[in-house]
Amino acid sequence: MAIDIKEEIANYLLNNCFIIGNLDATRDKYYYVINHEDAFRSIFLPLGYTIIIHRNLRVVQLINNHGTGKLVLRKYESIILLILRLLYIQKRESLKTGADEVIASVEEIKNEYEKLNLPRKFKKELLEECLINIKKYNLATGLDKLTDTDARIQIYPSVMLAMPDSSISNAYDATYEFLQQYKGLEEDEDNEI
């Protein structure tokens with residue numbers, strides 16, 4: 001028995017949260033949703049979900065109206081996600097208006113990470129661990145094996161939607177507070193004789 005296309009796309013959204021219109025693999029799904037927007041709204045509304053179509057980013061997003069079912073990222077996954085978002089913004093501004101792909105190198109991610117002076121040093125394994133969930137939820141994907149600093153990661157426009165701005169502000173405040181405490185500990189250690 002063939003699976004209904006609406007059923008297939010609805011399950012895809014439930015599992016991945018985002019459909020990216022700029023990707024060859026999901027372009028047809030994106031256009032199907034925007035051409036049948038009312039049908040998808042009627043599928044998800046009784047389940048407590050809302051579909052939001054971000055035409056400027058070419059992204060379809062599925063949101064739980066009750067605030068449940070959210071992915072809880074570990075600290076370093078959140079940091080890498082924020083770095084990817086920062087790089088997306090920086091690179092998107094410098095791209096030609098018609099360009100769809102935003103690509104960052106491992107070196108660029110490493111440079112942004114090291115600016116934070118975090119206790120855990122940047123390693124290839126850290127990035128690989130963090131990219132597992134980031135890739136699963138259509139936020140970014142590795143284009144190359146992450147064996148060297150020239151390896152490329154494609155950052156999807158959905159990275160702009162993964163964390164609400166209020167969450168980013170809270171994360172920034174918490175990170176800043178943590179870094180200040182860490183900095184204070186280092187100064188105390190330096191003063192000990």
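Across which strands does helix H5 lie, and at what angle does H5 run to E4?

1. Basis of the note. This is a predicted model, in which local features need pLDDT of at least 70 and side-chain atom pairs count only at pLDDT 80 or more, while totals for chains, interfaces and linings use all residues. Residues are numbered from 1 along each chain as its sequence is written, and side-chain values use heavy atoms, with hydrogens and water left out.

2. Helix H5. Helix H5 (residues 106–115) lies across E4 and E6 and runs at about 70° to E4. Helices (H or I, at least four residues) and strands (E, at least two) are DSSP runs numbered from the N terminus. Contact means heavy atoms within 4.5 Å. Axes are lines fitted to C-alpha atoms, for helices over the stretch in contact, and angles run from 0 to 180 degrees between N-to-C directions.

3. The three-stranded sheet. An open sheet is formed by three strands in the order E4-E6-E5, with antiparallel pairing; two strands pair if DSSP finds at least two bridges between them. Strand E4 (102–105) and strand E5 (140–142) stand at the edges with a single partner strand each, so one side of each has no neighbour in the sheet. On average, neighbouring strands of this sheet are turned by 25° against each other, direction ignored. E5 is joined to strand E6 (residues 152–155) by three bridges, and Gly-142 has Ile-153 in E6 as its bridge partner.

4. Gln-154. This residue is found in strand E6. Gln-154 counts as buried at 9% relative accessibility, where buried means under 20% relative accessible area, exposed over 50% and partly exposed in between (1.4 Å probe, protein chains only). Leaving aside neighbours within four places in sequence, the contacts of Gln-154 include Leu-23, Val-102, Ile-103 and Thr-141.

5. Helices H1 and H3. Helix H1 (residues 5–16) packs against helix H3 (residues 37–44) at an angle of about 60°, their axes being 11 Å apart. Lys-6, Ile-9, Ala-10, Leu-13 and Leu-14 in H1 meet Ala-39, Phe-40, Ile-43 and Phe-44 in H3. The residues of this contact divide into eight nonpolar, no polar and one charged; Ala, Val, Leu, Ile, Met, Phe, Trp, Tyr, Cys and Pro count as nonpolar, Asp, Glu, Lys and Arg as charged, and the others, Gly among them, as polar.

6. The hairpin. Strand E2 (residues 49–54) pairs with strand E3 (residues 59–64) in the antiparallel sense over six bridges. Thr-50 has Ile-63 in E3 as its bridge partner. The hairpin of E2 and E3 has four residues between the strands, and Arg-58 takes a positive phi near 60° there.
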